[in-house]
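This report looks at charged side chains that pair up. Keep the sequence and the 3D view at hand as you read.

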Amino acid sequence: MGTGPEPGNVVLVHGAFVDGTGWQGVYDILKRDGFGVRVVQNPTLSLEGDVAAVRLVLDALDGPVVLVGHSYGGAVISAAGHHPKVSALVYIAAFAPDKGESVNTLIADPPPGAAVPPILPPRDGFLFLDRDKFAHSFAADLPAEQAEFLADSQVPWGEEALSGAVAEPAWRTRPSWYLVATDDRMIPPPAQRAMAERAGARVVEVAGSHSVYVSRPAEVAALIRQAAGH
């Protein structure tokens, strides 16, 4: 029998336009590995509210936690990662804002030729992706039926979440890892690499769309295991 330490806890934070069910594949792998895993159903109405939702989950856990964020969830974990139970941060094709930055400021000036997310004009303070362009931009490596389901089950993204600024990023005080999705059409891979380098993150690159956490759960789980020290 092994006498090594217990794997510990992992908390998974989804991004904009989707909910936590996309983490199912990663969740299943980590649970089989013995981790305690929680999926935060952050409302994505405001950054402040999403940070509060993450803290509720962290408060209920014992022992160290690897905090994982996808896409906008990276902004959430950058703000919530100061929680004393957080031992490491993992960014999955995610935004990693610096002090005073928001997702809005990070996407405001895309480089020439970069893919631009098909975000529709706000409606009553909420944002959606153009459903006809959703698969191409967000989920190009998922089966057509699955991408269509994601497009048709979008979660409204609050403008306050888009514009919410991180006061002091947790990656300055926590070790971090970053998975770059090399076929991402939502966050350009060069932008992902730049944010990862700025954060001093250990980086892996995986061929995958913005939905890499859904399409390549084994690679995502492997990086989380690295962050947990396994």
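## Exposure of one glutamate

E168 is partly exposed, because its relative accessibility is 35%. The cut-offs are these: buried is under 20% relative accessible area, exposed is over 50%, and partly exposed lies in between (1.4 Å probe, protein chains only).

The model is predicted: local features need pLDDT of at least 70, side-chain atom pairs count only at pLDDT 80 or more, and totals for chains, interfaces and linings use all residues. Residues are numbered from 1 along each chain as its sequence is written, and side-chain values use heavy atoms, with hydrogens and water left out.

## The partner of E168

A salt bridge here is a side-chain nitrogen of Lys or Arg within 4 Å of a carboxyl oxygen of Asp or Glu. E168 makes one with K99, and their closest N and O atoms are 3.8 Å apart. The two residues sit 69 residues apart. K99 is in the loop between strand 4 (86-92) and helix 4 (103-107). E168 is in the loop between helix 7 (159-163) and strand 7 (176-181). Helices (H or I, at least four residues) and strands (E, at least two) are DSSP runs, numbered from the N terminus.

K99 counts as exposed, at 57% relative accessibility. A network of salt bridges links D98, K99, E168 and R172.

## Other pairs

The model has ten salt bridges. One of them joins E101 and R198, at 2.8 Å from N to O. E101 lies in the loop between strand 4 and helix 4, and R198 in helix 8 (residues 189-198), so this pair ties together parts 97 residues apart in sequence.

R216 and E219 also form a salt bridge, with closest N and O atoms 2.6 Å apart. R216 is partly exposed at 27%, and E219 is partly exposed at 28%.
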